[in-house]
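Me: Got a model open here and want a quick walk through it. Can we start with the loops and go from there?

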Amino acid sequence: MTQQTLPAALAAYAAPSGRPAPYELLADRDDGTVVRCGGSVAKAHAEDTDRDGLAVRMRIASARALSQVLLQPLRAEVGHVQGRPVSLWPYGAPVDPHRPEDAPWEPTARLLAALHQVPLRRLPGPVPPMRGPAKVARALRRLAAAPDSGTRAEAGAVRAAARTLPAWARGEAPAPAGGVLCHGDLHLGQLVRFPVPEGSWRLIDVDDLGVGAPAWDLARPAAWYAAGLVDARTWLRFLDAYRDAGGPGAGPPGCDPWPELDLAARALTVQTAALALAKAAREERRLEDVERLMVDACVRIATLPPHLEPASAS
């Protein structure tokens, strides 16, 4: 008997009957395959997922303290389909990529501020570290493994920019102690409206959720602003909404946010540029305009002084 494809098997897992059912393939990437089956969404996580960590993150996502911040799973337990860890969620309506003017910047900022203020003691534990730095390390490994297609100079610039970061921000050492609950991979694709169609915005995707520096969740919008991908008005709307909601990751209202944000914004720029170069090399194509902007930002970062590691105790 022929084995079902992974998407079809996920649809059967998501269907109330547990049998084959019609589905819509929402994503099929190295880091996960996602299908919608009616009002349910099943996600097969990456094969190398830390399964114990995912189990804790699913319990955290189910916590009442986060019910107005995260989309809560239909099952707190992690399932398994064709050897892959699987999570099950209600369907939420995503941000419309064709209407960037309607992007929910202020709601996103308020959700992050609320996430960053949840007392860790109210969550199932032990709460794992946020995986943002691990994603930087993964992106640099992909760049190192990419075929050489004339991007040697650009790859060198990205690696030079990475060397300006402390080892922990490259995922090569433990992060500093302390922190708050962070999403770990914040971008506008990580939001949905629930219930559909006019419910409140919720954050999705808990693969990288954990304790860390709150500035990391602001880093992608900050990096986009620094690279010219987000205009000043949009950036300030986001920043002001976050601060007004009590977010701790960008300093108090009225002060310069960049001493708080610079390191994480550099790290996200390195991550984005490394992935862009690796993808372009694999597909044997030139960089797209947005990808070029992130690589150019790495060229500038590479000229900046490195962040010093903390001195060890004598």
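Me: Where does proline 126 lie?
Reply: Proline 126 is in the loop between H3 and H4. This is a predicted model, by the way.

Me: What is the peptide bond from glycine 125 to proline 126, cis or trans?
Reply: That bond is cis. Its omega is near -5 degrees.

Me: And what about the bond that joins phenylalanine 194 and proline 195?
Reply: A cis bond too, with omega about -5 degrees. Proline 195 sits in the loop between strand E8 (191-194) and strand E9 (200-203).

Me: Positive phi next. What is phi of glutamine 82?
Reply: Near 50 degrees, which is positive in a residue other than glycine. Glutamine 82 belongs to the loop between strand E4 (79-81) and strand E5 (84-90).

Me: Is glutamine 82 buried, partly exposed or exposed?
Reply: Partly exposed, because its relative accessibility is 36%.

Me: What about phi of aspartate 205?
Reply: Aspartate 205 is not a glycine, yet its phi is positive, about 75 degrees. The loop between E9 and E10 holds aspartate 205.

Me: Zooming out. How many helices and strands does the chain have?
Reply: Nine helices and 10 strands. The radius of gyration is 20 Å, close to the 20 Å from the globule rule for 314 residues, so the chain is as compact as a globular protein of that length.

Me: What box do the C-alpha atoms fill?
Reply: Roughly 60 × 50 × 45 Å, along the principal axes.

Me: What share of the 314 residues is buried?
Reply: Buried residues make up 50% of them.

Me: Aromatics now. How many pairs does the structure hold?
Reply: Six aromatic pairs. Take tryptophan 105 and phenylalanine 238: their ring centres are 5.9 Å apart and their planes are at 85 degrees, so this pair is edge-to-face.

Me: Which parts of the chain does that pair link?
Reply: Distant ones. Tryptophan 105 is in helix H3 (residues 105-116) and phenylalanine 238 is in helix H7 (residues 232-244), 133 residues apart. Tryptophan 105 and phenylalanine 238 are both buried.

Me: How is the pair of tyrosine 225 and tryptophan 235 arranged, stacked or edge-to-face?
Reply: Stacked. The centres are 5.6 Å apart, with 10 degrees between the planes. Tyrosine 225 comes from helix H6 (residues 215-227) and tryptophan 235 from H7, 10 residues apart.

Me: Why does tyrosine 225 count as partly exposed?
Reply: Because its relative accessibility is 30%. Tryptophan 235 is at 3%, so it counts as buried.

Me: Which residues form the aromatic cluster?
Reply: Trp105, Tyr225, Trp235, Phe238 and Trp258 form one cluster.

Me: Where does arginine 36 lie?
Reply: Over the face of tyrosine 91, 3.6 Å from the ring centre. Arginine 75 lies over the face of tyrosine 13, at 4.7 Å from the ring centre.

Me: Back to H3. What about proline 107?
Reply: Proline 107 is in helix H3. It is partly exposed, with a relative accessible area of 22%. Its C-alpha atom is 9.0 Å from the C-alpha atom of serine 200, 93 residues apart along the chain.

Me: Which residues line the largest cavity?
Reply: Lys135, Gly184, Asp185, Leu186, Trp216, Asp217, Arg220, Leu268 and Gln271. H6 and helix H8 (258-283) are the elements that give two or more residues to that lining. H6 has the largest share, with three residues.

Me: What classes are in that lining?
Reply: Three nonpolar, two polar and four charged residues.

Me: And how much space lies in the second largest pocket?
Reply: About 250 Å³. It has 18 lining residues, and the closest to its centre are Met130, Pro133, Trp168, Ala175 and Pro176.

Me: Which elements each supply at least two residues of the second largest pocket's lining?
Reply: Helix H4 (132-145) and strand E10 (210-212) do. By class, the lining of the second largest pocket has 12 nonpolar, four polar and two charged residues.

Notes. Residues are numbered from 1 along each chain as its sequence is written. This is a predicted model: local features need pLDDT of at least 70, side-chain atom pairs count only at pLDDT 80 or more; totals for chains, interfaces and linings use all residues. Side-chain values use heavy atoms; hydrogens and water are left out. Rings of Phe, Tyr and Trp (its six-membered ring) pair if their centres lie within 6.5 Å; planes under 30 degrees apart count as stacked, over 60 as edge-to-face and the rest as tilted. Helices (H or I, at least four residues) and strands (E, at least two) are DSSP runs, numbered from the N terminus. Buried means under 20% relative accessible area, exposed over 50%, partly exposed in between (1.4 Å probe, protein chains only). A charge sits over a ring if NZ of Lys or CZ of Arg is within 6 Å of the ring centre and within 35 degrees of the ring normal. On a 1 Å grid over the protein atoms alone, a cavity is a set of points where a 1.4 Å probe fits but cannot get out, and a pocket is an open set with protein on both sides within 12 Å along at least five of seven lines; lining residues have an atom within 4 Å of a point. Ala, Val, Leu, Ile, Met, Phe, Trp, Tyr, Cys and Pro count as nonpolar, Asp, Glu, Lys and Arg as charged, and the others, Gly among them, as polar. Grid points are joined across faces, edges and corners, and a volume is the space filled by probe spheres set on the points. The radius of gyration is taken over C-alpha atoms; the globule rule is 2.2 Å times the number of residues to the power 0.38.
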